[in-house]
Amino acid sequence: MTVDLPEAEAEAGAGAEAEAEAEAEAGPGPAQGRRLRWLARVAGAGALVLACAGGLLALGPAAPTAGPGPGAGQAVPAPPGDPLAAARAAVRDRPQDPYAWEQLGLADLDRARLTLDAARLADADQAFQRSLVLKPQGNYGALVGTGMLANARHEFAAARTAGERATALAPDRPTGYLVLADAEIQLGDYPAATAATQRLLDLAPTVPGYTRAAYDLETHGRAEEAEIALRRALDSAESAGDSAFCEHRLGDLAWDHGRLEEAGDHYRRALAQAPDDYYAQAGLARVLAATGRPDQAAEHYRELVAHAPTPQFLLELTELQLSRNQDASPQLTALAAEVRLLDASGGPVDPVLMLYQADHADPSVAVRLLREEWARRKSVLVADALGWALHRSGQDVEALDLLHLAAATNWHTPLFAYHRGTVEAALHRPEAVADLREALALNPHFSPFDVPLTERLLGELGAAPQG
């Protein structure tokens, strides 16, 4: 099952979006039940993957969330310049109002999403809990907020529970399905993720719905359709932040398929809308490195990690420097410290951090931590990282089983193909050449560190890359 978009919206464009939103507010009607195969007609059947839907702080691009939805509470004045300051002021004015606390929690969550500042999550948690104390029954908005918070913390099972409770409480309101879609895709229950995404899209064909639809389509190998969904999201965007998010996700899609110039254009447009869009900054750095400007790329990365030292950004800078025989010890030290903190806390495991651990530190630690994460969730991202860590630990047979699971949804990503081809080569499997060639065919610049290894391995196998 894959996501389909509402027929009226697909054929009539933005004007129909307003109509569909009105239908969502009024409750389910005949038009909501219509399913279209329009994306399939446009781009054909296929399959692709998620470039990280749910991880708000560590795993990848932070998708726009959504407000509490129609009827969540009484109207409040439009915030001035700073939504978080406005929410705090509302709480000061109405400390016994559960809706004001819910809005404060959402504002804290959104600030965390924009700044990648995890400290904001504790503030959001306190606000949602206060809202639930003031209104323990039927508090849909705070329930949805706790689900969003759990997704941001990568506590996906808890997020699923919150999403299920919210959708049971109000089956015709959209944001509970948003929480559920993000949780299910990270837990690796892809049919459930698709069902939640479809329901979200039926109820509210707006930016959050379209971006989740894009993730779903990408997850199932339908890159062209994912791009269409993201362009619909961009057309629907009403804020600079949402526009920037859609642009950088379009850039990611272009990057994954080797369209460097197009990717760079999307990232620049994202940054024009939101200069602090960290994922667009990282994307632009990747493009600079791939187009012969590694010094500029490194400078971009250094500025980026100074503000947002996430494992992804640190690892990308590290591998750019290592590929140029430059000192990467500060970044390696920071990544090692993150692993120690994670190991001590026993919290959710970031697959990107474990790729660092597998390639540049002790892969046995990565295997141990990723096995724990695999017990919690069966996503393709965890399967790929665990498979790679097992390979780096010399356990190639089990590694290949995991890497095949990572490929089961047919996500055509260069890194997955490189990992799979490398392990197949180690096991003398004939599929190795095709998978290594696929990695380079998708994007011949996918990693300054891994591309030379891919080319060298193909040479050792007596094969040449194919354009």
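## Aromatic contacts

Phe-446 has a relative accessible area of 11% and is therefore buried (under 20% relative accessible area; exposed is over 50% and partly exposed in between, with a 1.4 Å probe and protein chains only). The model is predicted: local features need pLDDT of at least 70 and side-chain atom pairs pLDDT 80 or more, while totals for chains, interfaces and linings use all residues. Residues are numbered from 1 along each chain as its sequence is written, and side-chain values use heavy atoms, leaving out hydrogens and water.

The structure holds four aromatic pairs. Rings of Phe, Tyr and Trp (its six-membered ring) pair if their centres lie within 6.5 Å; planes under 30 degrees apart count as stacked, over 60 as edge-to-face and the rest as tilted. Two of the pairs are tabulated.

| Pair | Centre to centre | Angle between planes | Class |
|---|---|---|---|
| Trp-388 and Tyr-418 | 5.4 Å | 45 degrees | tilted |
| Tyr-418 and Phe-446 | 6.0 Å | 50 degrees | tilted |

Trp-388 belongs to helix H22 (residues 380-392) and Tyr-418 to helix H24 (residues 414-426), 30 residues apart. Helices (H or I, at least four residues) are DSSP runs numbered from the N terminus. Phe-446 lies in the loop between helix H25 (431-442) and helix H26 (450-460), so its pair with Tyr-418 ties together parts 28 residues apart in sequence. Trp-388, Tyr-418 and Phe-446 form one aromatic cluster. Trp-388 is buried, as is Tyr-418, at 4% relative accessibility.

Charges also sit over rings (NZ of Lys or CZ of Arg within 6 Å of the ring centre and within 35 degrees of the ring normal). The charged end of Arg-286 is over the ring of Trp-255, 5.7 Å from its centre. For Lys-378 over the ring of Trp-374, the distance to the centre is 5.2 Å.

Terms used: Helices (H or I, at least four residues) and strands (E, at least two) are DSSP runs, numbered from the N terminus.
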